[in-house]
Amino acid sequence: MSIFHRIISGIQDAAYIWRQEMKQAFKDEGVLIFFIIVPLIYPLLYSWIYNNEVVHEVPVVVVDDCHSGLSRELVRKLDASADVKVLCHAADMDEARSLVSRQLAKGIYYIPSDFATRLNRMEQATLSVYCDMSLMLTYKAIYQTAVNVTQYMGAEMQKKLSGKYTVREEQILARPLDFQDVPIFNPQGGYGTFVIPAVLMLIFQQTLVLGIGLAAGTVREKSHYGDLVPIHPAYGGIYRIVFGKSLCYIMIYAVMGAYLTLVVPRIFSFVAMVKGMDLLCLMIPYLLACVFFGMTVSCLVRYRENVMLLMVFISLPLLFMVGISWPQSAIPGVWQGVSWLFPSTFGARAYVRMNTMGATLGDVTTEVRALWIQAAFYFGVTCLVYGHQLREARRHAAEALAAVADT
């Protein structure tokens, strides 16, 4: 057979495998859920939850043992802030702790009895802050409000006692070393803009791997010998099988990838600074790496449920190992090495830098190269494992034919 006929035969075989894989993907409800439903709905739900970016009107309880004009002024200013709402005044700390333990309030402001006395004596007074640390967003709102209000009141007291004659002199006295707070890359200082881009890339990987693993588990459960690659005349060389199957997943997730990286951030008005061609150059190796990684993992799946247990279990560690919700510099070297096995590590880091920080393709060259290396590595591993599965399927078929001939 000539080279031309071999190429045509290989294309036909790959196209046949692609059609079969497409049919299985859209007939299997579980695969359809992970390939289509979850990538469409889950990012919307997750983004909607964090769409407010920051929390406002966090309920707090005040314990005022001073009962002075200064303490009442302090409470009024705390309550007037955008982030904190004074729920009530408690008689003592025990009552305040009871309100926090019942989650009616998220924190306590305690004003000691000598608060006004110390200020009138030109001594340093204290406002004690007790926060519920179970949610960092509420802790941030309560603590920063206390800091801002006490600094403002302290500056106003300095101005009254200074004896200065001009507004400029008072400003210099209250803040001799001025600064300007400019939040870069995250203007709202919100949690959604901070973490959603990494979560979207992780959803991309996890749903793709879950769908491929579920499809592989279905094939093995239906096979008498548990072979991943069934015997069929069209199933020729191992490369035809890998190309045919991977083409199905690439076509589906090319659409899902565009939806996750382009549509979802704009629906919720998250920061989106990435350029189209730069994003394309990132998503191509990321898509290939995720597809071949999923096909490699699917070879370990004996039953449909196994892949769900595996991928759901590692989802949270993968999010931490990306280095977004937890500083990358604080991750131990061993775990950083483990994170290099997963495409989401480099894909999420590159996407966050490009989409949120305005980095160009040249700024994420290391991550893009790592994704190409992963794609090539997992393609080779997939071919090796699928080749082994194909040989096992043929051996089982030969043994079945021999058993029939003996009878």
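## Gly276

G276 is exposed because its relative accessible area is 54%, where exposed means over 50%, buried under 20% and partly exposed in between (1.4 Å probe, protein chains only). G276 belongs to helix α10, residues 276-298; helices are DSSP runs of H or I with at least four residues, numbered from the N terminus. Between G276 and L262 there are 9.1 Å from C-alpha to C-alpha, at a sequence separation of 14 residues.

The model is predicted: local features need pLDDT of at least 70 and side-chain atom pairs pLDDT 80 or more, while totals for chains, interfaces and linings use all residues. Residues are numbered from 1 along each chain as its sequence is written, and side-chain values use heavy atoms, without hydrogens and water.

## The cavity

The model has one cavity of 30 Å³ or more. A cavity is a set of points, on a 1 Å grid over the protein atoms alone, where a 1.4 Å probe fits but cannot get out; lining residues have an atom within 4 Å of a point. The volume of the largest cavity, about 50 Å³, is the space filled by probe spheres set on the points, which are joined across faces, edges and corners.

Eleven residues line the largest cavity, and E21, A216, K245, Y249 and Y386 are the closest to its centre. Helix α8 gives the most to this lining, with four residues.

## Trp48

W48 lies in helix α2, residues 29-49. W48 counts as exposed because its relative accessibility is 59%.

How values were computed: Helix = DSSP H or I, 4+ residues; strand = E, 2+ residues; numbered from the N terminus. 1 Å grid on protein atoms, 1.4 Å probe; cavity = no way out; pocket = protein on both sides within 12 Å on 5 of 7 lines; lining within 4 Å.
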